[in-house]
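Reader: I would like to learn how to read strands, helices and their contacts from a set of coordinates. Could we work through an example together?

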Amino acid sequence: LFSRWMQILHQAPNSVLWLYVPEEKARELLVESARRHLIDPARLFFASHQPKALHLARQRLADLFLDSFFYNGHTTCSDALWARLPVLTLLGNSFGSRVAGSILHSLGMGDELVVHTEEEYVKRAVELAMNPEKIKSIKDKLETAITDPESRSVVFRPKLQARALEAAFLLAHRLQRSQNLDSSNSALRVPNDLLLDHIPWDLGLSSPISSFLVDITPSVSTS
């Protein structure tokens with residue numbers, strides 16, 4: 001991963017790499033590695049621990065968050081996006097390597113910020129580093145995706161997340177009954193587009209969906 005970041009610095013000569021590395025020994029090792037990659041260690045900026053509010057505020061000064069792989073940022077990704085910092089991520093094959101991509105797709109930013117190979121990761125990062133207008137456009141889109149009340153994304157909207165989960169439970173229960181599935185040995189898969197149609201996007205509903213979930217657990221015979 002660090003070698004890919006060094007490639008990005010090589011191809012974007014006016015860029016710097018800003019890292020949260022509180023341990024001195026770790027900083028020394030990264031400086032040595034940068035030198036081996038022929039990168040001036042002065043282009044590595046090491047951040048120290050700060051209270052969360054200050055940490056989120058300083059992220060607004062950056063242009064692009066380079067997500068880690070093969071294990072993505074989870075809370076760190078959400079925090080960066082909440083600070084309106086675009087996150088570039090490489091989509092993997094495991095749960096841990098797909099979290100950031102899922103969040104970005106939910107925000108409608110998958111085309112700009114989700115890639116599928118390490119080479120594409122480097123290329124996209126360099127393209128964005130060399131194009132401040134594109135970065136500004138992505139930040140504006142991110143701001144809208146987070147703050148627009150008409151957005152269909154549940155990211156950063158916990159009440160809507162709860163309603164979406166309740167809708168998923170209710171829809172699965174209805175489909176199970178209509179398809180007469182035996183829950184003990186059958187798996188029920190709900191298409192995403194079908195689920196989206198059942199999510200109550202209007203948070204002003206007078207009665208919660210949970211009031212309809214009384215009979216969601218199927219009976220199990222013990223005989």
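Reader: Which way do the side chains of S4 point, and are they buried or exposed?

Author: In a regular strand the side chains alternate between the two faces of the sheet. In this predicted model, where local features need pLDDT of at least 70, side-chain atom pairs count only at pLDDT 80 or more, and totals for chains, interfaces and linings use all residues, Val87 and Thr89 point one way from S4 while Leu88 and Leu90 point the other way, and all are buried. Buried means under 20% relative accessible area, exposed over 50%, and partly exposed in between, with a 1.4 Å probe and protein chains only. Residues are numbered from 1 along each chain as its sequence is written, and side-chain values use heavy atoms, with hydrogens and water left out.

Reader: Which residues of H4 are buried, and what do they pack against?

Author: For helix H4 (residues 75-82), the buried residues are Cys77, Asp79, Ala80 and Leu81. Packing is read from contacts, meaning heavy atoms within 4.5 Å, and the buried residues of H4 pack against helices H3, H5 and H8 and strands S3 and S4. After H4 comes arginine 84, whose phi is positive, near 70°.

Reader: At what angle do H1 and H7 cross?

Author: Axes are lines fitted to C-alpha atoms, for helices over the stretch in contact, with angles from 0 to 180 degrees between N-to-C directions. The axes of helix H1 (residues 2-11) and helix H7 (residues 118-129) cross at roughly 35° and come within 9 Å. Among the residues that meet here are Trp5 and Ile8 in H1 and Tyr121 and Val122 in H7.

Technical notes: Helices (H or I, at least four residues) and strands (E, at least two) are DSSP runs, numbered from the N terminus.
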